Structure formats: C-alpha cells, structure tokens
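Please look over the model below before reading my points.

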Amino acid sequence: MDRMIYVGMAGAKMDMQRQEVLANNLANVSTTGFRAELQAIRAVPVRGDGATTRVYSLETTVGYDDSQGAITTTGRPLDVALQGKAMLGVSALDGTEAYTRFGSLTVNNEGVLMTQSGLPVMGDGGPITIPQNSQASIAPDGTVSAKEASGKITSIGKLKLVTPETKLTRGEDGLFRNPDGGDLPADANARVQDGALEGSNVNPVETMISMIAAARQFEAQMKLIQTSESNEKAASQLLGGA
C-alpha cells in the first residue's frame, strides 16, 4: 500500500484532535478563569528507501494559554479575580492540592470556604472556616476576615495563592497541578481583586476561524487518501493488463 495513505491518515487524525481541542475551548468561552488549551502539530519526515518526500503529522503538547482574561466587577464580597499568573490553591476530590483561576467562592453549611463547584479553598493551615452569623471579606493579599454582628472584624485566615514559575499540568478535572509532584509554596506577593471575576481568555472569533481552517485541512487529507486509492487501482489495472 502506498505510504501516502498513512500520511493522509496521520494528518486527518491530527486535524480531528485539533478540532476537539478547539471545540472544548469554545465550549468554555464563558467559564470563569478558564485557560485556553493549546495544541501544535510538528512535521516528521518519513524515513526509508528513496527520497524523503513525505511527512507525518504528529501532535506536540504545548499546554495552555496563561494570559489573563477580562476582569468583570461583580460587587460580591466572595468573588476574587487573581492578578498576573497567580493561582488559588484548592483541595481536589482526590485529596491532592490543586490550583485554579476560578475565583467565585461560597460558604457551605459547615462554614467552610469553598469554590462554587464544591472544592474547599486552601488557607495557611488548611481549609478556611467562616464563623456563623458573620460576613466574610477578602483583602487584596488574600487575607480573609469575618465581620460579626457587633461590627468586630477578625482575621480568620489567608487564601493560599501561588505563582508557578513553570507551566502546570491540567488534569481531566480541569484543575492544575505541579508536574513535578508536591505542593507549590505560597507566594506572599500574589494579589487578588475582590468583588470581581476573571473571564475566560478564549477568543471566540479566533477559535471559530481555527475550527474552519482545521475542517478544510481535514477535507484536504481525505482527498489525499482518495487520490492514493485511485492511484493504486490504476496501477493494479496497468499491471493486470501487462
């Protein structure tokens, strides 16, 4: 079988995977703090007898776009938009410490400060508990305070804010983790903007254009496979006639 078929199949497969990544990004265009997933495809020449004229397409993992999304003011005391490259430490469902840019927080029935998705927010010494009948507020440095009915304000903890020096690894749960394992140290210089949320950094127009381009590339790869099949049939007929 002509190697061109395998080249076309490899290219079509990469285009399908690219579409999956782009579709996932587009689906999260309204997700708070979402980081667009990046994908790259590298060319690998086919080695063997004869000239190196055919090239496979292989996926190269790039990671995610860590540029900051648009900040929207909400006025809600437990909404925080993380500044720069900072991330918020949370306790994942598997018990490990993970990191997120999702800054919409709430308090559960036990008074534990959590994300809207139900993950406990990490503080200096573990999860942060808000006293009953008090109103919580968050300072720019991540300090959490509780205001009692009497007006007394007490500091009850500090959000664990980290600033990764290298790209983190995104898990299937959408949370980021240290690729080397272990927990990242808290960054005392990390800051948040209270009463605001960061939007997704996905550009919907660029993503739609990329999806159209990927679809056209997929069609080109399929035509390449069809051309290879036609060439093989023509060659078989010539050999049979000979």
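1. First, a term. On a 1 Å grid over the protein atoms alone, a pocket is an open set of points where a 1.4 Å probe fits, with protein on both sides within 12 Å along at least five of seven lines; lining residues have an atom within 4 Å of a point. This is a predicted model: local features need pLDDT of at least 70, side-chain atom pairs count only at pLDDT 80 or more, and totals for chains, interfaces and linings use all residues. Residues are numbered from 1 along each chain as its sequence is written, and side-chain values use heavy atoms, with hydrogens and water left out.

2. Largest pocket. The space in it is about 550 Å³. Such a volume is the space filled by probe spheres set on the grid points, which are joined across faces, edges and corners. Its lining has 29 residues, and Phe34, Arg170, Gly174, Leu175 and Phe176 are the closest to its centre. Two or more lining residues come from each of α1 (3-27), β1 (37-45), β2 (55-64) and β15 (169-170). Helices (H or I, at least four residues) and strands (E, at least two) are DSSP runs, numbered from the N terminus. Strand β2 contributes the most to this lining, with 4 residues.

3. The largest pocket is lined by 10 nonpolar, 13 polar and 6 charged residues. Here Ala, Val, Leu, Ile, Met, Phe, Trp, Tyr, Cys and Pro count as nonpolar, Asp, Glu, Lys and Arg as charged, and the others, Gly among them, as polar.

4. Second largest pocket. About 300 Å³ of space lies here. Of its 16 lining residues, Leu22, Asn25, Glu37, Leu38 and Thr207 lie nearest the centre. The elements giving two or more residues to this lining are α1, β1 and α2 (204-241).

5. Strand β5 (residues 87-91) runs antiparallel to β6, joined by 4 bridges. Two strands pair if DSSP finds at least two bridges between them. Valine 90 has alanine 98 as its bridge partner in β6. The hairpin has 5 residues between the strands, and glycine 95 in the turn has a positive phi of about 90°. In β6 (residues 97-100), Glu97 and Tyr99 point one way, Ala98 and Thr100 the other, and all are buried. Buried means under 20% relative accessible area, exposed over 50%, partly exposed in between (1.4 Å probe, protein chains only).

6. Hairpin β12-β13. Strands β12 (residues 143-148) and β13 (residues 153-158) are antiparallel and share 5 bridges. Valine 144 sits opposite glycine 157 in β13. Between the two strands are 4 residues, and glycine 151 in the turn has a positive phi of about 100°.

7. Which loop holds asparagine 133? The loop between β10 (126-127) and β11 (134-138). Most residues other than glycine have a negative phi. Asparagine 133 counts as exposed because its relative accessibility is 70%.

8. Asparagine 178 lies in the loop between β16 (176-177) and β17 (192-194). It counts as buried because its relative accessibility is 18%. Its C-alpha atom is separated by 47 Å from that of threonine 227, 49 residues apart along the chain.

9. A charge over a ring. Lysine 167 lies over the face of tyrosine 64, 5.0 Å from the ring centre. The rule asks for NZ of Lys or CZ of Arg within 6 Å of the ring centre and within 35 degrees of the ring normal.
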